[in-house]
Amino acid sequence: MIALKNMSFGYADNMIFEDVTVTFDASWKLALVGRNGRGKTTLMKLLLGELPYAGRIQSDVNFVYFPQTIVDKTQLTKFILDELYDAPDWQIHRELNLLGLPEDILWRPFDTLSGGEQTKVLLAGLFLDEANFPLIDEPTNHLDVASRAKIANYLKRSKSGYIVVSHDRQFLDEVTDHLLAIERNGLELIAANFSTYEQQKKQRDDFEWAQNNKLKSEIGRLKQTAHDKVDWSHSREKDKYGAPRKKGSGAIGDTGFIGARSARQMKKAKVLEHRMYSEITEKEKLLKNIEKVDALSMIYVPSHRQILLTEKALTVSFEGRPLFTPINLAQSAGQITAITGPNGVGKSQLLEKIIQLAKSKHLNFSRVRQIYDDNRGDLNTFADDHQLDYSLFLNNLRKLGMERAVFHQNIENMSMGQQKKVELAKSLSQCAELFIWDEPLNYLDVFNQEQIEALLKTIKPALLVVEHDVTFVKNVADQIIELTPFNHDTSK
């Protein structure tokens, strides 16, 4: 068993977990879900013993974390795996083969591999380690559809338990049998997959929103009633100081009677006001687990150019050899183009080439990068360095679900999901006639994905995007360019 007992953890005045108690079986294949910044990676670090906390965490297993930390990414991939794991070459080759990687990848520097290839190499290393309990953080990032299916099949065959975090709902459904959700008011453990949890949560949220609307109506009525009563008591109080009238009769002119009655009405108004605030407090308790998702903002400024880019027979070469079959590119204003293809085919390299083309044509563009570890420092300085409207930048971060307490952290100290939001909010807050995004959904939760889809459908910007999420591409793309590996044998 893995048990958290009265466990609390936070940064300064920002409590992430408070007096949490939960127990789960180490044999379970457990999905860990929750909004970005809610504490998924932090919980894994607590299990690893990397952070101080109050309370107790009890377990017999030895935890290992994915993705593993690579100190020197310029080393050959073989040497990196040898340093991380004590495994014979035949096992390494077996794992690489199961994940669809060629054996010669071992003799390439790790930093020359694509994001997807790096992820699969590290997963191969993780699968070599069968003695420890894996904490798997976003294993589907950078992976194409076929690779995600291979990872899912591998995990399904595993006889041991694990904890996995992923933004891919279909993947979670395939590889987990229990779910631990980090809600706004604590942890919820259920024996179900993500789809079941999502369905139950939606039903619960729908009920609570209905109750919320009822409360809003009641509060509005109470406010109006209290307002009317206070107005009446004030007007009666003024009547006491009008022209001299006969005293003691109890008639309209009796100031004593009016004063007593207005006092009673004022007291009733105060009681109603108290009831109103009680209702507001009750409403806040009721809505504590409902996730509010606001519409994002994007500064798309189309120019006079209708056709932004046209290139024929476009490809990218590595060591003089084309990576993919040449394509024809035609990018118009108000058009969303999705670039798809298997890992290692050259999608990110193609975007880099398109960026150079955009610069040569003096196009005003904004980008979201796949790797952005140079984003550092505080948000204010970051906004200045990138000439962003600070208010708009922070507003987009808030709409993406970043807590205000995080605004005071340096970017390098934020969670991976929060760092991704900084990179995305930067692009959304820049004026551009062309947006170039490389895997924008990595590390983002389901709510954020729906926000981005809604934004793109509303704004319809000129956008070139590389993304492996099939549903996202289907929902937003006007055209799809699929890259296929260049067949060098045929070219001879």
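What follows is a short exchange about a sheet and a pocket in this predicted model.

Me: What makes strand 1 and strand 2 a pair?
Reply: A pair needs at least two bridges found by DSSP. Strand 1 (residues 2-11) and strand 2 are joined by seven bridges, so they count as paired. The two strands run antiparallel. One of the contacts across them is Leu-4, whose bridge partner in strand 2 is Val-22.

Me: Why are strand 2 and strand 4 called edge strands?
Reply: The open sheet has three strands in the order 2-1-4, with antiparallel pairing. Strand 2 (14-24) and strand 4 (54-59) each pair on one side only, and are the edge strands. From one strand to the next the twist averages 20°.

Me: How do you know that helix 1 packs on the sheet?
Reply: Contact requires heavy atoms within 4.5 Å. Helix 1 (residues 40-47) touches strand 1, strand 2 and strand 4. Its direction makes about 120° with that of strand 1.

Me: What makes a residue part of the lining of the second largest pocket, and how many residues line this pocket?
Reply: A lining residue has an atom within 4 Å of a pocket point. For the second largest pocket, with a volume of about 980 Å³, there are 41 lining residues. Glu-117, Pro-342, Asn-343, Gly-344 and Val-345 lie nearest the centre. Helix 5 (145-157) is among the elements that supply at least two residues, and gives the most, with four.

Terms used
Residues are numbered from 1 along each chain as its sequence is written. This is a predicted model: local features need pLDDT of at least 70, side-chain atom pairs count only at pLDDT 80 or more; totals for chains, interfaces and linings use all residues. Side-chain values use heavy atoms; hydrogens and water are left out. Axes are lines fitted to C-alpha atoms, for helices over the stretch in contact, and angles run from 0 to 180 degrees between N-to-C directions. On a 1 Å grid over the protein atoms alone, a cavity is a set of points where a 1.4 Å probe fits but cannot get out, and a pocket is an open set with protein on both sides within 12 Å along at least five of seven lines; lining residues have an atom within 4 Å of a point. Grid points are joined across faces, edges and corners, and a volume is the space filled by probe spheres set on the points.
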